[in-house]
Amino acid sequence: MKTFFSLINFVVGMLALLIGFGNLLFLAHNPTSAVAGGVAITIGLAFLWLATEAMFSRPKQR
């Protein structure tokens, strides 16, 4: 279950980064797309962080 959760977070994070960088390419044409790109990059980084935390975190010992 942990592996599946990490895989989904990784895939969504990478897609969000691609969308974000794609939107940043239109900075000269439309400043709003640059803001949307920044938001998408932030969301992508959050999903990648969740994926790494889920994979590399140790279970708490009681």
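Begin by selecting Ser6, which is found in helix α1; helices (H or I, at least four residues) and strands (E, at least two) are DSSP runs, numbered from the N terminus. The model is a predicted one, in which local features need pLDDT of at least 70, side-chain atom pairs count only at pLDDT 80 or more, and totals for chains, interfaces and linings use all residues. Residue numbers start from 1 along each chain as its sequence is written, and side-chain values use heavy atoms, with hydrogens and water left out.

Ser6 is buried, at a relative accessible area of 5%. Buried means under 20% relative accessible area, exposed over 50%, and partly exposed in between (1.4 Å probe, protein chains only). Show the surroundings of Ser6: leaving aside neighbours within four places in sequence, it is in contact with Ala51, Ala54 and Met55. Contact here means heavy atoms within 4.5 Å.

**Helix α1.** Select residues 2-24, which make up α1. This helix has 23 residues and reaches 33 Å from its first C-alpha to its last, close to the 33 Å expected at 1.5 Å a residue. The expected span is 1.5 Å times one less than the number of residues in the helix. Now colour the buried residues of α1: Ser6, Asn9, Gly13, Ala16, Leu17 and Gly20. An α-helix has 3.6 residues a turn, so residues three or four places apart point the same way. What covers the buried residues of α1 includes α2.

Phe10 is partly exposed, with a relative accessible area of 45%.

Go to Phe5, which is in α1 and counts as partly exposed at 43% relative accessibility. Draw a C-alpha to C-alpha distance from Phe5 to Phe47: the two are 42 residues apart in sequence and 11 Å apart in space.

**Helix α2.** Select residues 31-56 for α2. This helix has 26 residues and reaches 38 Å from first C-alpha to last, close to the 38 Å expected. Its buried residues are Ser33, Ala34, Gly37, Ala40, Ile41, Gly44, Leu48, Ala51 and Ala54, and what covers them includes α1. Stop at Ser33, which counts as buried at 13% relative accessibility. Not counting residues up to four places away in sequence, Ser33 touches Asn23, Phe26 and Leu27.

**The whole chain.** Zoom out: the secondary structure comes to two helices and zero strands. The C-alpha atoms fill a box of roughly 55 × 20 × 10 Å along the principal axes. The radius of gyration is 15 Å, whereas a compact globule of 62 residues would have one near 11 Å; the radius is taken over C-alpha atoms, and the globule rule is 2.2 Å times the number of residues to the power 0.38. Of the 62 residues, 24% count as buried. The protein exposes about 5,000 Å², with 75% supplied by carbon and sulfur atoms; accessible areas come from the Shrake-Rupley method with a 1.4 Å probe, and for residues only the protein chains shown count as cover.
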